[in-house]
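Visitor: Please take a close look at a single part of this model. I would like an account of the disulfide bonding and of what else ties the chain together.

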Amino acid sequence: MDQSIRVMVMVMMMMIMVTAVQGGNGYEYDDDLSFSYYHGSCPQLERIIHNKMNLWLKNDSTLAPALMRLHFHDCTGCDASILLNHKGSERWAKASKSLRGFQVIDDIKAEVERKCPKTVSCADILTSVARDATVAAGGPFWMVPYGRKDGRISLAKEAESVPMGHERITELIELFQSKGLNLLDLVVLSGAHTIGRSTCDSVQYRLFNYKGTHKPDPSIDPKYLNFLRRKCRWASEYVELDAVSPKKFDVQYYKNLQKKMGLLSTDQMLYSDSRTAPLVSAFASQPSVFLHQFAASMVKLGNIQDYDADQHGEVRLNCNRVNAA
């Protein structure tokens with residue numbers, strides 16, 4: 001690493017440490033949310049979620065990254081709108097067709113309603129589930145502030161704003177900024193790709209016809225390219241996001257980018273773009289910093305609240321549909 005890059009990494013590391021210690025309990029949270037929100041009305045909430053998650057993940061460990069992804073897709077507003085199941089909703093959008101884990105949320109919600117009826121929002125459940133899924137996969141723990149409401153509106157076009165892996169870095173930066181997230185949040189939350197998988201449909205253009213050239217993306221490591229071409233002959237197949245340690249929540253994702261082994265083009269561009277490359281290098285060499293900052297940025301992500309002015313939100317009794325008028 002040359003001296004200029006070394007200095008940039010040191011500066012970025014200082015930014016990370018400053019950001020990671022902001023706010024109460026080490027993390028930022030919205031003034032409308034509270035760690036004690038359910039202490040009186042549903043004190044057993046986190047225990048219910050934890051126990052249910054253990055049962056589901058014991059039978060299917062692949063649900064951990066799937067549930068994290070479900071939360072990411074919901075957090076254009078973090079109002080459980082992704083869970084609404086009706087024609088024309090986000091859940092029915094093309095961008096949502098590979099989402100999984102809805103049955104886990106339904107199961108937890110049913111148990112919560114039995115113990116604490118008409119009290120806990122689906123949005124709060126999904127946010128807490130994402131935290132427990134992260135921990136189950138080997139990631140960090142963080143305290144979840146509660147008090148979110150469930151949105152009443154869900155439109156398929158909203159799901160199309162979720163990054164799909166072929167955007168430019170500038171577009172991602174602007175999208176994150178529009179939600180109150182910064183460059184640091186973008187790079188560290190992309191690290192969730194240390195686990196889980198993608199459809200081959202999302203990467204085939206990089207393998208066979210990059211930018212209409214009928215050739216592969218030249219930024220892909222040749223050996224990795226050969227592996228992907230064998231793995232992704234069919235668009236309906238799946239491929240691991242991290243080819244080295246796909247079931248371990250670690251910094252291998254960032255090391256892969258340094259070796260030109262990013263699966264999605266948006267992954268690899270994090271290391272080719274001068275604005276984000278120093279952060280990739282910092283996280284690749286500092287696992288403890290990555291884990292701490294991932295927790296801090298997940299709190300920021302979960303605190304996005306975007307309710308339509310005329311519908312303010314509710315506590316849904318069933319996560320699949322709005323309450324009857």
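Guide: The chain exposes about 15,300 Å², of which carbon and sulfur atoms supply 54%; accessible areas come from the Shrake-Rupley method with a 1.4 Å probe, and for residues only the protein chains shown count as cover. This is a predicted model, in which local features need pLDDT of at least 70 and side-chain atom pairs count only at pLDDT 80 or more, while totals for chains, interfaces and linings use all residues. Residues are numbered from 1 along each chain as its sequence is written, and side-chain values use heavy atoms, with hydrogens and water left out.

There are 14 helices and two strands in the chain; helices (H or I, at least four residues) and strands (E, at least two) are DSSP runs, numbered from the N terminus. Of its 325 residues, 52% are buried, where buried means under 20% relative accessible area, exposed over 50%, and partly exposed in between (1.4 Å probe, protein chains only). Among contacts (heavy atoms within 4.5 Å) with a separation of 6 or more, 75% are between residues 24 or more positions apart.

Now to the disulfides. The structure holds four, each being a pair of cysteine sulfur atoms within 2.5 Å. With the bonded cysteines numbered in sequence order, the pairing runs 1-4, 2-3, 5-8, 6-7.

One of them joins C42 to C116, with the sulfur atoms 2.1 Å apart. The link of C42 and C116 is right-handed, with 75° about the S-S bond.

Another disulfide is formed by C75 and C78, with an S to S distance of 1.9 Å. The torsion about the S-S bond of C75 and C78 is about 115°, so this link is right-handed. C75 is buried at 5% relative accessible area, and C78 is buried at 1%.

C200 and C232 are also joined, at 2.1 Å S to S. The link of C200 and C232 is left-handed, with -70° about the S-S bond. The pair connects distant parts of the chain: C200 is in the loop between β1 (197-199) and α9 (204-208), and C232, 32 residues away, is in the loop between α10 (222-231) and β2 (238-240). C200 is buried, at 0% relative accessibility, and C232 is buried at 0% as well.

A salt bridge is a side-chain nitrogen of Lys or Arg within 4 Å of a carboxyl oxygen of Asp or Glu, and the count comes to 13. One of them has D217 and R206 meeting at 3.0 Å, N to O. D217 lies in the loop between α9 and α10 and R206 in helix α9, eleven residues apart. D217 is buried, with 5% relative accessible area, and R206 is buried, with 1%.

R100 and D60 form another salt bridge, also 3.0 Å from N to O. R100 is partly exposed, at 27% relative accessible area, and D60 is partly exposed at 26%.
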